[in-house]
Amino acid sequence: MRYSKTLIPTLKETPAEAEVASHRLLLRAGFIRKLTAGIYTYLPMGLAAVRKVEQIVREEMNKAGAQELLMPMVQPTDLWRETGRYEKYGPELLRFHDRHNRESCLGPTHEEVITDLARREIRSYRDLPINLYQIQTKFRDEIRPRFGLMRGREFIMKDAYSFDVDDIAATKSYEIMYEAYKSIFTRCGLEFRAVEADSGSIGGSSSHEFMVLADTGEDTLVICSACDYAANSEKASVAAAAIDESEMLPLEKVETPGKRKVSAVCEFMAIKPSELVKTMVFKTDDETVAVLVRGDREVQEVKLKNLLGVADVDMADDKEVFDATGVPTGYLGPVGITVKLLVDQEVAAMKNFVVGGNEKNFHMINVNIGRDFEAAEVADLRQISPEDPCPICGGKLNLKEGIEIGHVFKLGTGYSKSMNAVYQTKDGKDQHMVMGTYGIGISRIVAAAIEQNHDENGMIFPMPLAPVQVVLLNLGLKDQQITDVAESLYKEMQEKGVEVLIDDRDERPGFKFKDADLLGIPLRITVGKSLTKNGVVELRHRKDGITEELAPENVTARVLEIIQSAING
């Protein structure tokens, strides 16, 4: 590959739209270009990096016994109506009609399509287990696409689907995929962690996310320092609080003029936020609910959605709060309100707390659950904090930022029952297949690797994901000796299977050095004045900046040694 003949349109300035390192560097290095919001063209170097990820994924999926196929991106929405996800998935599902007025959607995922295939083609227990996967473009109409390849509307994904005869066999398939994912991300050269996760719109009994640890991650991970417990904060269980055994004090209503916020009420009443309980109002498509959490806590909306069994919840605005309760925001409390009341388990353990008085400028003190109000349900509904103990061993929790790159789900029979995907048992009876689904964000891995591996000069690709392994700089296009050696090394490395980009442009050395660092290629070979003066060329490692001086005849062997070491670990 010659730089002069390859489309690598690097930029000196940082594009204004770029918010995170990977987005900024992918644009500056000429790996991607934006077509429209959340949709990108992959230029040659960007596509080469994506193909590296695909190759690793294919090898490990095939090794695990999965079979590759390719399903249509356009899906009839009739399948989504069968599973009930047509209504539940929401506006991210891009729906449209063809010329015959038949409604279809662009596939954000393929559970319905693969289940339809299975119910048509799988007949007997002898056909199971089976695991089918594809690498394909997906589309989700994100309301706020951002961060380049991290959260786009169109993206490249590997999705796999397992079918088994029963739960025991399905658990084995799940474990095989779990181990395959560990191998994939290890081979990609990523620092990652598998964590318990919420199953979200996919559904299923349990799931794990594979997260790359990075400061710019969109997800918060909860990791115990003393045991193996790790979970997404949306899923992280909060250990039950000790019950306050204090005697209940008489309920009182006190005037709190103009004090609406937790901080203002606490200052006025000389109490801590942990002694106050706030009443938060949320709306679903079908109902309005009030949630009680301690004054220094926040409601974890995913936990609330799961408790209510709904696809989405929204916090009510001031008008919606007043319309539902007749009380202005800031003074709402649980005593006497008529909306459904859900109580966080921590609040249920408290005594004599402060709440809104359900009247402007008033609060109540010495409020107690059971005596002064009743809960429709008590559950773990709050966001976990670093001060909480590990729910497994009681150890200290650490909160870290992470980027989701893979997700595995135990689906059970939800899809096979709704779509009547059955197989015939040994006894000749029809039984619903037990399913699992397993996704990897192919294009997102490229972005995540950059978030984890970059410096002020550019990207630093792990060798397994680099679009090429070596960038070879010819710093003497007009010097025949330099050019002859550069071209000889270029040819020799290509013959030995080394992926090499020769920078044969008529540019200043400093310009070439900057572009080489920006591209993040693991190894840089410089053929320049050191050759004519000392008979050596320079081999520089992008990751640590270490430079080796080698005779030209030793360069290719050394490069091959470094590549093999990096890829084989």
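Are Arg505 and Asp515 buried or exposed? Both Arg505 and Asp515 are buried. Buried means under 20% relative accessible area, exposed over 50%, and partly exposed in between (1.4 Å probe, protein chains only).

This is a predicted model, in which local features need pLDDT of at least 70 and side-chain atom pairs count only at pLDDT 80 or more, while totals for chains, interfaces and linings use all residues. Residues are numbered from 1 along each chain as its sequence is written, and side-chain values use heavy atoms, with hydrogens and water left out.

**Overall build**

The protein has 569 residues, and 52% of them count as buried. Its C-alpha trace spans about 95 × 70 × 50 Å along the principal axes. It contains 16 helices and 31 strands. These are DSSP runs numbered from the N terminus: helices are H or I with at least four residues, strands are E with at least two.

The domain assignment gives domain 1 (46–69 + 108–235 + 399–451), domain 2 (252–379) and domain 3 (468–568). Such bounds come from an automatic or database domain assignment. The centres of domain 1 and domain 3, taken over C-alpha atoms, are 39 Å apart.

**Salt bridges**

The structure holds 39 salt bridges. A salt bridge is a side-chain nitrogen of Lys or Arg within 4 Å of a carboxyl oxygen of Asp or Glu. The table gives some of them.

| Pair | N to O distance |
|---|---|
| Glu112 and Arg85 | 2.7 Å |
| Arg505 and Asp515 | 3.1 Å |
| Asp517 and Arg524 | 3.9 Å |

Take the salt bridge of Glu112 and Arg85. Glu112 lies in helix H5 (residues 111–121) and Arg85 in helix H4 (residues 85–88), so the pair ties together parts that are 27 residues apart in sequence. Glu112 and Arg85 are both buried.

Arg505 and Asp515 also meet through their side chains. Arg505 sits in the loop between strand E28 (500–503) and helix H14 (509–519), and Asp515 is in helix H14, so this pair links parts 10 residues apart in sequence.

Asp517 pairs with Arg524. Asp517 is buried because its relative accessible area is 13%. Arg524 is buried too, at 11%. Elsewhere, salt bridges that share partners join Arg294, Asp296, Arg297, Asp344, Glu346, Arg382 and Asp388 into one network.

**A charged residue in a helix**

Glu301 lies in helix H8 (residues 301–308). Which class does Glu301 fall into at 31% relative accessibility? Glu301 counts as partly exposed.
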